[in-house]
Amino acid sequence: MIAVQNLVKTFGTVHAVNGVSFDVHAGEIFAFLGPNGAGKTTTIQMLTTLLTPTSGSVRIDGLDPRTHPYDVRRRFGIVFQDPSLDGELTAYENMDLHGVLYHVPRRTRVERIERLMTLFELWDRRAGLVKTFSGGMKRRLEIARGLLHTPKILFLDEPTLGLDPQSRNQLWTHVKYLNETEGVTVFLTTHYMDEAERVAHRIAIIDHGTIVARGTADELKQQTQTTSLEGAFLALTGATIRDESADAADQMRQVAKMWRR
Amino acid sequence: MRAIYILWLRELKRYSRSRAQIIASLGQPLLYLLALGFGLGPVFQQAGRGSYLQFVAPGVIGMSVLFSSIFSGIGLLWDRQFGFLKETLVAPVPRLHIMIGKTLGGATVSVIQGTMVLVICLLAGFRPSSVSTIPLAFAFMVLICIVFAALGTAIGSSLQNMQGFQLIMNFLVMPIYFLSGALFPLTNLPTALAVITRLDPLTYGIDGLRGALIGVSAFSAATDFAVLVSVAVAFTVLGAYRFSKIQV
């Protein structure tokens, strides 16, 4: 479903992603783990047509995002690291707008919005303005929205950041359920190792722009002779703390946080 | 086409829901109209130029339209900050459609805003010279809206954060307004000012409005029209170009 060969992205002299290769099979839940600044988000941006790779090849359902951006976009849904809802619109309007942007025919749109919003326990709040929603509700709405156009792949970039354990648990239950019932392939990143261990079929660990290990959670533990995925992760990527310099996006995130209060 | 429509509709919904903002945005034109219209009225009268309220009303309408259309474009910055922009940029829709939808939405909101200010002017005692030319006034209003909504989109696409906003406000929006002939006649100006006012696109918009509403203008309606249309095309191309360069 996703095939990546020797993917490279350089910003000036920095190799954000340096020769990454992996395959994600159809119907699989694939976790892409790594410390801050390892190249996770940059990789996702290249897979989702938001960034052009410096070199290497990407195939999404057999298509090259560079040459077929619109066909590729129709095939995936994405939940970004930062919220991307319109707070001044209602939950339903956000869903509907997405459906129109993705050319979902009206009848299908109406049916599917109701089905997904019911599944994510948001149907009762459909007429509420999104700015009045809690963090967990917004996340659920974003995932429901990402699935509206029946994508083949769902990208989740740290979807549980800042959520309480209840919301996280509920969110993964829904994601697993959709993976099993609709067969949607899931590509996720997270900093919570227990989540990855719980939901992911296979895991790849990236550090300094290259993949340092891959396999199932058990394989990674065996490989590193550790008892938990967290232990395996630390054994593979070291215990030093990565200081990311704040770029424009981080600064914006801070302002957005400030304004959301 | 559906994408353009839904993004246009989004702008209107957002506008109709921000009641406080609507009222706040009517305050400034009202202040200009009352303070300047009545305050400078006697001086203007003594200079033999007639009623200043009559003269300044089209300028005040032009001002509110200028502000609201530029700010709607800069609203892109909010979309960027609150993340919604990304949602539209990964959608299987050409960026040009997104830009057009947003710009038309902003322009429509500004026309509504301008119409409300026109009504306020009428309530304050402004009397258009003839009813038959009011459609022409609206045509000029629409043109001003498109010109500056497109400029706003170009600016909104180029700015990275809110810090640049004050800069744009003080060094672009206010000069466009004050140097446009909104507040003073374009005749007998010092040469430098005469040149600058003629380089300001809003000058032609307000001149067109004034010609249509009170029958007084420095240029012919055809000149105003031609300049505004050319600038609208140029700014739309610029806006579309800048928008296509946005990186998320």
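Helix H4 of chain B is mostly tucked away, with 27 of its 30 residues buried; a residue counts as buried if 20 or more other C-beta atoms lie within 10 Å of its own, as exposed if 12 or fewer do, and as partly exposed in between, with C-beta atoms placed from the backbone. Helices here are DSSP runs of H or I with at least four residues, strands are DSSP runs of E with at least two, and both are numbered from the N terminus. This is a predicted model, in which local features need pLDDT of at least 70 and side-chain atom pairs count only at pLDDT 80 or more, while totals for chains, interfaces and linings use all residues. Residues are numbered from 1 along each chain as its sequence is written, and chains are lettered from A and ligands numbered from 1 in the order in which they are written.

H4(B) covers residues 52–81 and reaches 42 Å from its first C-alpha to its last, close to the 44 Å expected at 1.5 Å a residue; the expected span is 1.5 Å times one less than the number of residues. There is still a kink of about 30 degrees, centred on B:Gly73, where the bend is the angle between axes fitted to the seven residues ending at a residue and the seven starting there. After the helix comes B:Gly83, with a positive phi near 90 degrees.

Now to where the chains meet. In all, 25 residues of chain A are in contact with 24 residues of chain B, contact being a pair of C-beta atoms, placed from the backbone, that lie within 7 Å. On the chain A side, the elements giving two or more residues are helices H2 (69–75), H3 (91–101) and H10 (248–260). H10(A) gives the largest share, 5 residues. By class, this side has 15 nonpolar, 5 polar and 5 charged residues. For the classes, Ala, Val, Leu, Ile, Met, Phe, Trp, Tyr, Cys and Pro are nonpolar, Asp, Glu, Lys and Arg are charged, and the others, Gly among them, are polar.

Chain A also has an open sheet of 3 strands, in the order E2-E1-E4 and with antiparallel pairing; two strands pair if DSSP finds at least two bridges between them. The edges are E2 (14–24) and E4 (55–60), each pairing on one side only. From one strand to the next the twist averages 20 degrees, using axes that are lines fitted to C-alpha atoms (for helices, over the stretch in contact) and angles from 0 to 180 degrees between N-to-C directions. E1(A), residues 2–11, is joined to E4(A) by 5 bridges, and A:Val8 stands opposite A:Ser55. Another 8 bridges join E1(A) to E2(A), with A:Phe11 partnered by A:Val14. The hairpin of E1(A) and E2(A) has 2 residues between the strands, and there A:Gly12 takes a positive phi near 60 degrees.

Helix H1 (residues 40–47) of chain A packs on this sheet, touching E1, E2 and E4, and its direction makes about 115 degrees with that of E1(A). In H1(A) sits A:Leu47, which counts as buried because 25 other C-beta atoms lie within 10 Å. Leaving out residues up to four places away in sequence, A:Leu47 touches A:Ile2, A:Val58, A:Ile60 and A:Pro65. The loop between H1 and E4 of chain A holds A:Thr49, which has a positive phi of about 70 degrees although it is not a glycine.

A second open sheet in chain A has 6 strands in the order E5-E6-E7-E3-E8-E9, and its pairing is mixed. E5 (76–79) and E9 each have a single partner strand, so one side of each is left without a neighbour in the sheet. Here the twist averages 15 degrees from one strand to the next. E3(A), residues 29–33, and E8(A), residues 202–207, pair in the parallel sense over 4 bridges, and the partner of A:Ala31 in E8(A) is A:Ile203.

H5(A) lies across E5 and E6, running at about 165 degrees to E5(A), while H8(A), residues 217–224, lies across E8 and E9 at about 110 degrees to E9(A). Within E9(A), residues 210–215, is A:Ala213, partly exposed with 19 other C-beta atoms within 10 Å.

Key:
Contact = placed C-beta atoms within 7 Å.
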